[in-house]
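Dear colleague,

Please find below the structure that I am handing over to you, together with its sequence.

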Amino acid sequence: RCYILSNENGKIQLSLRQSRLNPKSHSKVEDVEITCIKDVKKGQLVRGYVKSITPSGVFFGLSTSLLCQILFQNVSPYFVHKQSLYEKYLPEGKLLTAKVLGVNGKHIELSLLPEDTGMSSVLPESLGLPRYDAEEEEREADDKEKKEELKLKTKRRRGNSEREQVWRLLHKACYRNCLAQILKGLGRYSRVRLRNYTDCCPPLTSHLLLLQEVKQKKRKKCPADENDSGIEVYYREEDDDQEEEAITKKSKVRKHSEAPRLHVSQGFTWDEGMNAMDVPLLNQKEESSESEEEEALQLKIKKQTKKEKELEKQKKEKELCKIEAALMDPSRQPQSADDFDRLVLSSPNSSILWLQYMAFHLQATEIEKARAVAERALKTICFREEQEKLNVWVALLNLENMYGTEETLMKVFERAVQYNEPLKVFQHLCDIYANSEKYKQAEELYHTMLKRFRQEKSVWLKYASFLLKQGQTEATHRLLERALKALPIKEHVDVISRFAQLEFRFGDPEHAKALFESTLSSYPKRTDIWSIYMDIMIKHGSQKDIRNIFERVIHLSLAPKKMKFFFKRYVDYEKKFGTTESVLAVKRAALEYVETKSSLADT
């Protein structure tokens, strides 16, 4: 027993659900029927069948009317390179349990992962495939290491800044004490450097002990002279009561005694005090604060929760899926040079794609790029694809005719003649000239073709068509005479009939009829010429003339099969344009012909 769901277009959909077969039974339904997206809720466990596997994911059917796509990252925790592996372990029609991760509008996001469904993985662990989580764990470990390094760097910078502040304060105090003692004067000439302030400032020894560690570390990084203040002071030995005289006679003593003056390497001024020395330290503080702010911003960017990372990953996956779907859409038209590059890479021997690529650049008036595409196509297309290459050559000739000069056109033409059949290239260039209304150049090229390809019937016919379109009927008549002299005799009948057809289309119909009549009088058994003449007269002639031609044909002594063909055509014509009497008359004529033939056969 089964339940018929629908019967449309010769397809019957059936159901074996017990709830449909026995609606009165109140047994528990294991799988609730899902008919639309509203029946699906987030976090729900649902069962369905594998419909197909595509490069973008697994298509999973929850019901006959609801089909979902599961991304590969939600199918298995393992990273799979080959799609055939999924096709092996997930055959079409396999029943699986999935968890609903979310419902967004018309899209349902499902997962087949073991941590979501509680089932075993669709791919066995014995395959030894790499996991998706391995890369995330490595990234998290790297992030932790980077955070620890940044913490250590910030601690070191804070310690250095505190030590620099202590150093600056001590340096200021000691410098002032030393300077006060020096100005009082010492008993003899002595060289005092500020780095030896420990002898001059006994009260600050406890503070200097703190600075010894800083000095040792800085001496490793910088040369010894950098810790020196660079200030040297020289004094004379005299008593305290002669201090004023020493100051007044300062200049004289310096002249006689060749002792150097007070050296200040960095432009020191006594009035400024220690304010100038604070500037570089402040600058260092500003730089360190800026660097700390930048590091804090980087840390905020890196300090993302697991959920945020997953959301970002899902967004990227969705964007990639959209791009892939757009690229896989066969109806999508290429919109950029990259799109055309992908197309020509997929089918490099297709001249249509190369011509579209050229047209794309020409629309943007990028002539050089269009030329480059044509040259690239000629190098890429296989040498066996002669027609495809010829199409590109013709396109390049058109391009040079429209946007180039006569010299560039002739260069391309000469190259095309070398690499293709010369006659085809000549004919295409004649058509290009005619279409662009360069009639003088076209006529010159036709003259060269008649000299070079005299034995080619198509050359004479193309030139005749060109002349008739220009209204030069007399020149066409003379050309027919030249063609009959140049071509072999076996081609004469065909050439005359083709010239007559061209005359009917572009020239004088009366002259065309005369050509057909003269040909049929000379070759009355050429049924192909009779057929062509009938077809043209049906299009362009009167009914009287057409009936005369049919009457002449049915009274010829031709083979029975050919006569049957012409009788049939005559009957069809009369049925379409004549009366019942005319149809009966043609049938009587056909019976008479059959009787005469049978009587002749009996005799």
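**Helix H17 and its surroundings**

The buried residues of H17 pack against helix H15 (422-435), H16, H18 and H19. Here, contact means heavy atoms within 4.5 Å. A residue is called buried when its relative accessible area is under 20%, exposed when it is over 50%, and partly exposed in between (1.4 Å probe, protein chains only). Helices (H or I, at least four residues) and strands (E, at least two) are DSSP runs, numbered from the N terminus.

Please note that this is a predicted model, in which local features need pLDDT of at least 70 and side-chain atom pairs count only at pLDDT 80 or more, while totals for chains, interfaces and linings use all residues. Residues are numbered from 1 along each chain as its sequence is written, and side-chain values use heavy atoms, with hydrogens and water left out.

H17 has 13 residues and reaches 19 Å from its first C-alpha to its last, close to the 18 Å expected at 1.5 Å a residue. The expected span is 1.5 Å times one less than the number of residues in the helix. The buried residues of H17 include Trp460, Tyr463, Phe466 and Leu468. After H17 comes Gly471, with a positive phi near 85°.

**Helix H18**

The 14 residues of H18 (residues 473-486) reach 20 Å from first C-alpha to last, close to the 20 Å expected at 1.5 Å a residue. Which residues of H18 are buried? They are Ala475, Thr476, Leu479, Leu480, Ala483 and Ala486. These residues cover an arc of only 150° around the axis, which puts them on the same side of H18; the arc is that of the directions from the helix axis to the C-beta atoms. On the other side of H18, Glu474, Arg478, Glu481 and Lys485 are exposed. The cover over the buried residues of H18 includes helix H16 (439-452), helix H17 (457-469), helix H19 (492-506) and helix H20 (509-522).

**Salt bridges**

Side chains of opposite charge can pair when their charged atoms come close. A salt bridge is counted when a side-chain nitrogen of Lys or Arg is within 4 Å of a carboxyl oxygen of Asp or Glu. How many salt bridges are there by this rule? The count comes to 14.

One of them joins the side chains of Asp431 and Lys462 (3.3 Å, N to O). Asp431 belongs to helix H15 and Lys462 to helix H17, so this pair ties together parts that are 31 residues apart in sequence. Asp431 is partly exposed at 30% relative accessibility, and Lys462 is partly exposed at 26%.

Another salt bridge is formed by the side chains of Glu491 and Lys457 (3.2 Å, N to O). Glu491 lies in the loop between H18 and H19 and Lys457 in helix H17, so the pair ties together parts that are 34 residues apart in sequence. Glu491 has a relative accessible area of 23% and is partly exposed; Lys457, at 22%, also counts as partly exposed.

The side chains of Glu368 and Arg371 meet in a salt bridge of 2.8 Å, N to O. Both residues lie in helix H12 (residues 367-380), 3 residues apart, about one turn of the helix. Is each of them buried or exposed? Glu368 is exposed, with a relative accessible area of 57%, whereas Arg371 is buried at 19%. Glu368, Arg371 and Glu400 are linked in a network of salt bridges.

**The surface and the whole protein**

Ile4, Ile12 and Leu14 make a nonpolar surface patch of about 310 Å². Patches are made of residues with over 30% relative accessible area and no salt bridge, with like charges joined within 9 Å and nonpolar side chains (Val, Leu, Ile, Met, Phe, Trp, Tyr) within 5 Å. Ile12 is placed in strand S2 (residues 11-15), and is exposed, with a relative accessible area of 53%.

The protein has 24 helices and 10 strands, and 30% of its 603 residues count as buried. It exposes about 40,800 Å², of which carbon and sulfur atoms supply 52%. Accessible areas come from the Shrake-Rupley method with a 1.4 Å probe; for residues, only the protein chains shown count as cover. Among contacts between residues at least 6 apart in sequence, 54% join residues at least 24 apart.

Yours sincerely
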